[in-house]
Amino acid sequence: MEKILEIKGLSKRFYLHEQNREIRSCRDISFSLNKGGFIGIVGTSGAGKSTVLRCIYRTYLATTGSVVYDSLSYGKLDLVRASERQIIHLRKVEIGYVSQFLTILPRTTAKQHVINGALDAGFSYEESVRRAEEMMRYFKLSENLWDIYPNTFSGGEKLRLNLAHAMVKAPRLLLLDEPTASLDNNTKILVKELLMKLKAEGTSMIGIFHDLEFMEGLCDHVYNISQGSFQTGAEQSEAEQSEAEQTRAEQEAS
Amino acid sequence: MEQPVLRVDHLTVRYGKTCDYCRNGGKLTKNTCPHCKTVWACNDVNVTLYEGEILGIVGESGSGKSTLMKSLYFDFGITEGKGYLKDFENGETDIFSQSLQQKKYIKNHIMGMVYQNPVLGLRMDYSSAGNIAEKLIAAGNRNFGKMNERIAELLDAVEILQSRKKEPPKNFSGGMQQRVQISKALANNPAILLLDEVTTGLDLSVQAKVLELIRKIRQEFNISIMLVSHDLAVIRMLADRTIVMLDGRIIEQGLTDQILDDPQQPYTQQLVHSLL
């Protein structure tokens with residue numbers, strides 16, 4: 001299988017000058033993501049899950065290690081050492097990041113927000129509008145929300161808007177930072193269906209999730225992160241997966 | 001390698017005679033030499049600006065942000081350093097050593113500046129249209145009808161009513177003055193826009209308008225913008241890359257979200273933690 005992302009020995013330490021103290025987040029993380037694959041990361045809060053994603057997206061500067069991404073624009077590239085211009089370009093065109101939080105310019109409507117995403121990725125204005133509308137329908141954002149400022153949206157609507165904003169660029173790699181936190185079950189199922197669709201279309205993804213049930217059938221691998229490093233044996237093979245399903249079925253039956 | 005639209009090498013602006021101590025890199029107290037009291041307002045500053053990007057500049061008052069901006073617009077003479085513009089002789093000649101005439105050409109054709117204080121950028125007693133016309137005339141326009149058309153276009157872009165174009169900016173609110181300044185700066189389709197704390201002191205709704213305008217300008221004209229701001233939320237929303245200045249020096253630079261979420265330097269950490 002061709003690999004789109006290969007992470008080797010990634011660690012991140014934060015040095016707080018004021019307290020003169022070092023905080024270790026993730027330690028010696030190594031894994032790789034196949035093209036079109038989906039890796040799930042689980043772990044308690046504070047374990048360093050988000051740090052891994054942010055190091056890949058270069059919001060955080062990794063202290064050691066490498067994140068080799070097989071890009072369309074530049075070929076194989078270590079995201080830890082790539083230039084800022086390269087990262088900006090990759091973010092606009094190839095790598096998407098979705099969290100449950102929404103950062104948006106004031107006085108920007110939901111539709112305009114998604115259109116801006118497409119414009120950033122280099123589509124023409126007409127094409128951007130077309131793609132944005134298509135995406136918003138795809139994520140079931142009803143038309144009467146399009147011309148509203150998203151600050152008033154519900155959590156689920158914001159999240160779907162975030163997804164639409166990221167997906168309108170048709171990224172090759174999508175990083176999902178707890179996108180289903182604070183969503184009700186019906187919306188979760190909707191998001192899961194949409195992610196399945198994306199996966200079927202060939203988008204490679206890494207996602208952080210809290211609920212294991214959500215990840216079933218979606219992730220190829222699940223890594224459990226604890227105190228900053230991957231737990232050995234946490235990899236979820238297909239056998240284990242069916243076993244888990246079985247136990248759950250038993251539980252439900254009783 | 002991509003050619004930047006602006007490159008500044010080793011820019012230094014200082015006031016005072018200097019002495020052997022500070023010339024040889026002795027430690028300064030803030031930006032001032034403890035022996036000869038020379039002020040190093042900008043100290044060996046290197047900046048590159050690429051096409052279509054917004055570069056944020058943050059730092060405390062007196063850190064040299066405005067000095068950098070005003071030096072680029074030739075308001076201050078610089079002490080040392082070189083600057084190159086892609087649109088000026090293909091970036092091969094230093095802009096700071098040009099004649100006054102050439103500098104005027106650069107100011108009128110390649111760069112636009114919006115000051116924090118509108119008094120510096122506008123003639124308060126002239127009509128708003130006249131203010132913009134001044135810039136158009138400076139760039140060689142002489143056709144009254146064409147200039148009028150352009151002025152109408154610019155005022156529309158910044159949402160100022162045509163019916164008020166004959167009024168002098170002194171009659172306008174702060175936000176409107178700022179928008180007239182922006183339209184004046186854009187008059188000759190510059191490649192680079194220098195924005196020095198344009199949203200400081202404006203109320204939130206007007207600030208939102210100005211921010212929206214900046215985003216629109218960037219999107220429509222693919223212009224490169226240097227944006228000085230105290231407001232880290234503004235920087236986060238608009239800037240692609242950010243540089244942090246302290247005591248006349250650049251102490252840190254990087255992707256905006258990296259600077260704000262994973263600051264490395266003590267001062268930057270302090271700055272980010274001061275955020276409400």
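How many bridges join strand β1 of chain A to strand β6 of chain A, and which way do the two strands run? Select residues 3–11 and residues 64–71 of chain A in this predicted model. The two strands run antiparallel and are joined by 5 bridges. For one facing pair, pick Glu6(A), which stands opposite Val68(A) of β6(A).

**The sheet of chain A**

**Chain B as a whole**

Turned onto its principal axes, the C-alpha trace of chain B spans about 60 × 45 × 40 Å. Of the 276 residues in chain B, 45% are buried. For contacts in chain B between residues at least 6 apart in sequence, 67% join residues at least 24 apart.

**Where chain B touches chain A**

Bring chain A back. The contact takes 16 residues from chain A and 19 residues from chain B. On chain B, the elements giving two or more residues to this side are α8 (204–221), β9 (249–255), α10 (256–261) and α11 (266–273). The largest share, 5 residues, comes from α8(B). By class, the side of chain B that touches chain A has 8 charged, 6 nonpolar and 5 polar residues.

**Helix α8 of chain B**

Select α8(B) by itself. Its 18 residues should span 26 Å at 1.5 Å a residue, and the end C-alpha atoms are 25 Å apart, which agrees. Which residues of α8(B) are buried? Colour Lys209(B), Val210(B), Leu211(B), Ile214(B) and Ile217(B) to see them. An α-helix has 3.6 residues a turn, so residues three or four places apart point the same way. What covers the buried residues of α8(B) includes α7 (174–186), β7 (224–228) and α9 (232–238) of chain B. Step just past the helix to Asn222(B), where phi is positive, about 50°.

**Gly254 of chain B**

Next select Gly254(B), in strand β9 of chain B. Is Gly254(B) buried or exposed? Gly254(B) has 20 other C-beta atoms within 10 Å, and the cut-off for a buried residue is 20 or more, so it counts as buried. Leaving out residues up to four places away in sequence, Gly254(B) touches Arg241(B), Thr242(B) and Ile259(B), as well as Glu84(A).

**Two loops with positive phi**

Most residues other than glycine have a negative phi. Two loop residues of chain B are worth a stop here. Thr18(B) has a phi near 65° and is found in the loop between β1 (6–15) and α1 (20–23) of chain B. With 16 C-beta neighbours inside 10 Å, Thr18(B) counts as partly exposed. Finish at Phe74(B), in the loop between α2 (65–72) and β4 (80–85) of chain B. Phe74(B) has a positive phi of about 60° and is buried, with 20 other C-beta atoms within 10 Å.

Definitions and conventions. Residues numbered from 1 in each chain as written. Chains lettered and ligands numbered in written order. Predicted model: local features only at pLDDT ≥ 70, side-chain atom pairs only at ≥ 80, totals over all residues. Contact = placed C-beta atoms within 7 Å. Helix = DSSP H or I, 4+ residues; strand = E, 2+ residues; numbered from the N terminus. Nonpolar A, V, L, I, M, F, W, Y, C, P; charged D, E, K, R; others polar. Expected span 1.5 Å × (residues − 1). Buried ≥ 20, exposed ≤ 12 C-beta atoms within 10 Å, placed from the backbone. Pairing = 2+ DSSP bridges.
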